[in-house]
Amino acid sequence: MKIYHNVHIFAPDHPGAAAMAVEGGEILALSSNEQILDSFPAAEAIDLGGRTIWPGLTDAHVHLQHLAESIAMVDCETDTLEECLDRIAAAAQTAPDSAWIRGHGWNHNVWANGYGTVEQLDRVCEGHPAFLTAKSLHAAWVNSEALALAGITKATPNPASGLIQRNADGRPTGILLENDAIQLVKSHIPKSATDEVEAQIKALQPHLWQRGLTGLHDFDGKACWLALKSLHASGDLKLRILKNIPREDAAVFYDAGLTTYAGDDWLHIGGVKLFADGALGPQTGAMLAPYNGTENTGQLLLSEEQLISLGKEALDHGLALTIHAIGDRANRIVLDAYEELRRYETGQSLPHYPHRIEHVQIIDPQDLPRLAELGIVASVQPIHALSDMVMADNYLGQRARFAYAYRSLQENGATLVFGSDAPVESVNPFLGLAAAVTRRRQSGDPGPSGWQPQERVSLQTALISFSQTPAQIAGRDYLGRLAQGCKADFIILENDPFLAPTMEIANLKPSATIINGECVYRQPGFSLDL
């Protein structure tokens, strides 16, 4: 048994707690220093010298396999297109013959000339096929070799849900928008074997512990699921994972009889992931009115009827839904579908499952109360607001008032969980906490009050949305909080963030991360015997 004492503990159920007793991976008690030390005189006492303990943090929206793979990819998140091309050229010079050049993170909205072209990639790839995903993951930039391998020509029609961007004469530009178009090329890239994915995720875990993460909600597919199962079986999975599954792999869960909440403390089941629309960056998010200066209202990837049909299929197999919706039209259609699915659950005597909307980036004010009314979780990523604020103002004008509207969702009763959408954004949860509380970039932009400051939330709300609430909606109330009987997942911080200036939150780093009572990470120089 260990006692951590002389410490500030974030434990709303135990206000003023300054000591915590832990044994066998579980929290036995929290109280004053005197009471805990007197109650457990034989325990190993660790004096934390006035530091702070927070519950371990959970990122409620991660693409784990993509994140693990991205470490080996070319970093395409550059200020200029030219810099991105230079990085691709450097990778091509050392790539084995016939190897694909993989990259991630480009954002045409910050490049002076917008999207790159197939010809530009051809000039730097030295004959290698190239596949570069956008920061949003809703677009890909490919070269002529990749197009040829996929058989994409001037005559190739657009898929049902996706777009092959074309020149004035109809030739593909190298830009593919939305999943069905992206898959035309991606399906030709040799897939990583399960053991390779497993090794990449295992190697990623220490990077996540270092950032204070003890849990994730994952949204990648079958290969990621198989890798996680293997890691769990070998005892090498040291993160609490809620595994959601994309629609195209849903049969894996159906056939195995896996249902929402099934699993154990380390690996358990969420829901089936659907996409209602695209993204804000490529203007494929489905809007009620056109994007400013255009006639474009985005792209609805599934109709209300399709959402209901796919939803009933998932419900009949005992699985919740988690639906990506960016634009206000998409969010309304998803809420309409959920309203019908709630009636279906009642009529079929099914549980009311913990359905979610992923992102809820732009919502019409009249739809704000509907999430609480229908019991739908708002799974949002505060860091997106900082990345997208200029783009949102340019594309939406006054409608940006209800973009990334976290305080409005909270005040209308919605259950909030926070994440990063990594590798779309940094997986560092302290950046997300800072974004939620300040609505300011680290440069200070757009000023002391932040962007749409009425949508700031308190640090307590942000912390709970990164810890307790993700565990609750996953059916694991004994995770994500510091209370008697809960798992001993926590982080140690040098100072109390509640007493620091809010702009310092983004720079916080845990001194140590403890999962199931085991210290899995300690900062160099942090010498306490944990």
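1. Eight strands make up an open sheet with parallel pairing, in the order 5-12-13-14-15-16-17-18. Strands here are DSSP runs of E, at least two residues long, and helices are runs of H or I, at least four residues long; both are numbered from the N terminus. Two strands pair if DSSP finds at least two bridges between them. Strand 5 (57-62) and strand 18 (415-418) are the edge strands, and each pairs on one side only. On average, neighbouring strands of this sheet are turned by 25° against each other, direction ignored.

2. This is a predicted model: local features need pLDDT of at least 70, side-chain atom pairs count only at pLDDT 80 or more, and totals for chains, interfaces and linings use all residues. Residues are numbered from 1 along each chain as its sequence is written, and side-chain values use heavy atoms, with hydrogens and water left out.

3. Look next at strand 16 (residues 356-359) and strand 17 (residues 377-380). They pair in the parallel sense over three bridges. Glutamate 358 has serine 379, in strand 17, as its bridge partner.

4. Helix 8 (residues 222-234) packs on this sheet. The helix touches strand 12 (213-218), strand 13 (240-246) and strand 14 (267-275), where contact means heavy atoms within 4.5 Å. Its direction makes about 155° with that of strand 13. Axes are lines fitted to C-alpha atoms, for helices over the stretch in contact, and angles run from 0 to 180 degrees between N-to-C directions.

5. Seven strands form an open sheet with mixed pairing, in the order 3-2-1-4-19-20-21. Strand 3 (26-31) and strand 21 (518-522) stand at the edges with a single partner strand each, so one side of each has no neighbour in the sheet. The twist averages 35° from one strand to the next.

6. Strand 19 (residues 490-493) and strand 20 (residues 512-515) run antiparallel, joined by three bridges. Phenylalanine 490 has isoleucine 514, in strand 20, as its bridge partner.
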